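Subject: Structure handover

Hello,

Here is the structure I promised to pass on. Please open it alongside this note.

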Amino acid sequence: MRVKVISRSTQEFTRDRRQDLQKVFRNYDPALRSQEKAVEYTRALNAAKLEKIFAKPFIGAMDGHIDAVSCMAKNPNHLKAIFSGSMDGDIRLWDIAARKTVCQFPGHQGAVRGLTTSTDGDLLVSCGVDCTVRLWKVPMLKMVDTSDHTGDTSQACHLIDNHSFHCTLILFLTCSVHQFGLQPSAVYTWKHAFWGADHQWDGNLFATVGAQVDIWDPNRSEPINNFEWGKDTVLSVRFDPGDCNILITSASDRSLTLYDLRMSSPARKLIMKTRCNSVCWNPREPMNFTAANEDTNCYSFDARRLDEAKIVHKGHVSAVMDIDYSPTGREFVTGSYDRTVRIFNYLGDHSREIYHTKRMQRVFCVKYTYDGTYLVSGSDDTNLRLWKSKASEQLGVLLPRERKKQEYLDAVKERYKHLPEVKRIVRHRHLPKPIYKAANLRRTMIEAENRKEERRRKHSAPGSMPVQPFRKRRIINEVE
């Protein structure tokens, strides 16, 4: 005879400590929960509403420049350090956490157009319209929190470079910061003005652009190689993260050009209807890149197939000035002449976030931080602004229960994002009135152009006006 006995150990439902939660045993049989989907839908709706309530992306502004911020560069050695260059020739190193200037790099006599750092973070390269390339030793920074020293008149912060040259003492005062300018380790004068610079991801060479593309070795006073295709000004340059010998440039003749340092001439050239102001490679898919165009759109291309764009990213109402990818490669941020900053999914055709303030003017440069948590934008109003990459994300350390709760709410929103009410709340963004009106006007113009093209096609001979996808419409020619 077999007898079934229910055995229960007290350790399974007894708390170890008084502060622990009571253990609750649940039966997850779906037959016992006939209203499970309705409950989850309500939770998704409430989560979407709460996300909008707690969406506060703007963290603070960093002021100190006296002219428009033209370019920025990240420091690989320090997560909370960033370089910025302005139109008056001023270069500054910022502590993002304290939102203060750590030190300045004086010397340029005109606008600083290009900033880049070496892979090891020891070298800063700057170039500008004064036809000079300047190399700076980047100090090892020991940041100091000045909020705890309100009674002290000065707080020392030691800057010690990796090559043990000298130590510079920077004094932080209560109301202001005393900066001592650093001197460049080398100054190279060249024949033309510069418009951009970039360093290899894995190597010692860096490239500058202007009238031509110049490849520099930090130990030589003249370029070791140069490339030229046409006579127009080259605006931006980016090295491929996957291959340190490949780089791409955008020029004022509306072209995107691929170069290989192992070849004596440029490799391929793509000509579009409007020019691209900036270009950036995807760090996780280094065969793909995205170009910020003057026609308010961004175009993602596969470098192996340039005859059509993979995706067209829409949303801005004026020229896109700069672009930068997240370290994960799943998102990128853009800054535009319409005074807004937008965040796009790398596979999305419309932006998922739009950031703006009343005082922010035309945005000239944007950067992701190396951890992908924050954005930094530089604009025409001389300020750098710090933003959260996720508008409603809670800053600081989360408890395990809080993190699991947030992951559950994100999963519920993802499951019910196609339903009308949830979709409406998640997609809604409050826009400034000028941008809202400009977007409506642009939408009306595009619809009128499409109607006109459709009528022409109806009244033309069959096959004489084939339908061309928008991914190919803005491309004129590809030259090899």
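Below is what was found in it, from the whole chain down to single residues.

Overall picture

Please keep in mind that this is a predicted model. The chain has 480 residues, and 44% of them count as buried. Five helices and 32 strands make up its secondary structure elements. The C-alpha trace spans about 95 × 80 × 55 Å along its principal axes. Among contacts with a separation of 6 or more, 50% are between residues 24 or more positions apart.

The second largest pocket

This pocket holds about 1100 Å³ of space. Its lining counts 43 residues, and Met72, Ala197, Arg238, Asp322 and Lys367 are the closest to its centre. Which strands each supply at least two lining residues? They are E2 (69-74), E6 (112-117), E13 (194-199), E17 (234-239), E21 (276-281), E25 (320-325) and E29 (363-368).

Leu375

One of the residues that Leu375 contacts is Lys367, which is also among those closest to the centre of the second largest pocket. Leu375 sits in strand E30, residues 374-379. Is Leu375 buried or exposed? Its relative accessible area is 1%, so Leu375 is buried. Setting aside neighbours within four places in sequence, its contacts are Val333, Ile343, Tyr355, Lys367, Tyr368, Arg385, Leu386, Trp387, Lys388 and Ser389.

Cavities

The structure holds four cavities of 30 Å³ or more. The largest cavity has a volume of about 100 Å³. It is lined by 16 residues. Nearest its centre lie Trp229, Asp232, Val234, Ala251 and Tyr259. Strand E18 (246-251) and strand E19 (255-260) are the elements that give two or more residues to this lining. E19 gives the most, with three.

Backbone angles

Two loop residues deserve a look. Most residues other than glycine have a negative phi. Cys131 has a positive phi, near 65°. Cys131 is in the loop between strand E7 (123-128) and strand E8 (132-137). Thr296 also has a positive phi, near 80°. Its loop runs between strand E22 (288-293) and strand E23 (298-302). Thr296 is buried, because its relative accessible area is 5% and the cut-off for buried is under 20%.

The start of the chain

Met1, Val3 and Val5 form a nonpolar patch on the surface. Together they have about 440 Å² of accessible area. Val3 lies in the segment before helix H1 (36-53). Why does Val3 count as exposed? Its relative accessibility is 57%, and exposed means over 50%.

Where to look

For a quick tour, begin with the patch of Met1, Val3 and Val5. Go on to the pocket centre at Met72, Ala197, Arg238, Asp322 and Lys367. From Lys367, step to its contact Leu375. Then view the largest cavity, with strands E18 and E19 in its lining. Finish at the positive phi values of Cys131 and Thr296.

Best wishes

How values were computed: Residues numbered from 1 in each chain as written. Predicted model: local features only at pLDDT ≥ 70, side-chain atom pairs only at ≥ 80, totals over all residues. Heavy atoms only, no water. Patch = residues over 30% accessible without salt bridge, like charges linked within 9 Å, V, L, I, M, F, W, Y side chains within 5 Å. Areas by Shrake-Rupley, 256 points an atom, 1.4 Å probe, with all protein chains shown as cover. Salt bridge = Lys/Arg side-chain N within 4 Å of Asp/Glu carboxyl O. Helix = DSSP H or I, 4+ residues; strand = E, 2+ residues; numbered from the N terminus. Buried < 20%, exposed > 50% of the residue type's maximum accessible area, 1.4 Å probe, protein only. Contact = heavy atoms within 4.5 Å. 1 Å grid on protein atoms, 1.4 Å probe; cavity = no way out; pocket = protein on both sides within 12 Å on 5 of 7 lines; lining within 4 Å. Points joined across faces, edges and corners; volume = space filled by probe spheres on them.
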